[in-house]
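Here is a structure to explore by question and answer. Look at the chain below, then follow the turns.

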Amino acid sequence: MSWSADSVNQVARRASGSLLQRALRLDPVLLGLLILLSGVGAMVLYSAFGNRIEPIQNHAIRLGAGFALMVVMAQIPPWRLAPAAPWLYVATLVALTTVFLVGEFGGGARRWLEIGPVRFQPSEVMKLALPLMIAWLVARGTLPIKLGKSTIGLLMIGVPAAMISVQPDLGTAVVVAATGLIILFLAGASWRSILALAAAISAAAPALWIFGMQGYQRQRVLTFLDPERDPLGAGYNIIQAKIAIGSGGIFGKGWTNGTQAHLDFIPERHTDFVFAVLAEEFGLLGVIMVVALYGAIIARALWITYGAQDTFSRLLAGGLTLTFFLYSYVNMGMVVGLLPVVGLPLPLISYGGSSIVTLMAGFGILMAIHSHRRMWSA
């Protein structure tokens, strides 16, 4: 019996997939997409940092920590996560409170805690703690969710969102609130509840504008409505980002050849505005490729959500998936001027530690939901 090269490759791929799925409980498709997107992010960051390798080494260490945590989370069955949800939620609320007392200042905000060699943002942990908590709350009953439980859920969402917004970190507060609201929506919250929430937010908007937003946050909203009103001040970032994106054309200027980025015209080019560097150097084709990668990750995560075997897992997987979509959409939307600038990183491409670790932990939970589903169906 003779084996062709294709047959050998197919057997090798199946063995590799089996090892990842059965021994490590990792989803090979999702893992491959995450590695590919992380690689693209490292390339863009290398250019954004002016071809310096040291920041990329630090970024690689954080990515490695994130992937390691993803592997750990993938081993934990969802039914063991559910009882831990209230404890994690309360512990994160305590950490958010501690930020106000002894947190570190940076960039005009008090967001970080330092414990020994570890420096992290509790608000990033809340991006996981809140969807776990809301999914646990909703799963302890029948669907669609009742009005009373929806109200409790809204309170659980509102408290951490308010604490994060006064750090101040309005962008993260909006994303944290969205993670919980998405799960309530998936749980079948009535349109009456949704319209009541929308009416309450609309009624509170003037007070939020006057008392709840910092001066620079109001400037960001005004700049979104009219970017040319202060081209050298509040509108500078978004105008320069648009110039960089437009100058990239269809094919881009080439890797490490972006003039807007390398001549320091793009502020925050390695964090919130890294998408402008990508578009300038890789052009429209590069943007399409990255958007397709995000779309493939989201599609795979939705497929995992569809296959989840219980209410808690399905709601949690759906919430994590749509939160990842929201993260990506808001960052790209604000850089191209479709949304106000709210200071959110581009997932797996922007430079940052806490956000990467949190994201990878979320993907680890998704893989755990996928790999442990056979235990329900067996």
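Q: Which residues line the second largest pocket?
A: This is a predicted model, where local features need pLDDT of at least 70, side-chain atom pairs count only at pLDDT 80 or more, and totals for chains, interfaces and linings use all residues. Residues are numbered from 1 along each chain as its sequence is written, and side-chain values use heavy atoms, with hydrogens and water left out. On a 1 Å grid over the protein atoms alone, a pocket is an open set of points with protein on both sides within 12 Å along at least five of seven lines, and lining residues have an atom within 4 Å of a point. The lining of the second largest pocket is Ser150, Leu154, Leu181, Leu184, Phe185, Ala189, Ser193, Ile194 and Leu197.

Q: Which elements give two or more residues to the lining of the second largest pocket?
A: Helices are DSSP runs (H or I, at least four residues), numbered from the N terminus. The elements that qualify are α6 (147-165), α7 (170-186) and α8 (191-212).

Q: How do the lining residues of the second largest pocket divide by class, and what is its volume?
A: Ala, Val, Leu, Ile, Met, Phe, Trp, Tyr, Cys and Pro count as nonpolar, Asp, Glu, Lys and Arg as charged, and the others, Gly among them, as polar. The lining has 7 nonpolar, 2 polar and no charged residues. Volume is the space filled by probe spheres set on grid points, which are joined across faces, edges and corners. For this pocket that gives about 180 Å³.

Q: What is the volume of the largest cavity?
A: A cavity is a set of points where a 1.4 Å probe fits but cannot get out. The count comes to 3 cavities of 30 Å³ or more. The volume of the largest cavity is about 170 Å³.

Q: Which residues lie nearest the centre of the largest cavity?
A: Its lining has 8 nonpolar, 5 polar and 1 charged residues. Two or more of the lining residues come from each of α5 (122-139), α13 (311-335) and α14 (354-371). Of the 14 lining residues, those nearest the centre are Leu320, Thr323, Thr358, Leu359 and Gly362.

Q: How many residues apart in sequence are the parts that Arg300 and Asp27 tie together?
A: Arg300 and Asp27 meet in a salt bridge (2.6 Å, N to O), that is, a side-chain nitrogen of Lys or Arg within 4 Å of a carboxyl oxygen of Asp or Glu. Arg300 is buried at 18% relative accessible area, and Asp27 is buried at 1%; buried means under 20% with a 1.4 Å probe, protein chains only. Arg300 lies in helix α12 (residues 274-307) and Asp27 in the loop between α1 (5-23) and α2 (28-48), so the parts tied together are 273 residues apart.

Q: Which helix holds both Lys127 and Glu124?
A: The side chains of Lys127 and Glu124 form a salt bridge (2.9 Å, N to O). Both residues are buried. They sit 3 residues apart, about one turn of the helix, in α5.

Key
Buried means under 20% relative accessible area, exposed over 50%, partly exposed in between (1.4 Å probe, protein chains only).
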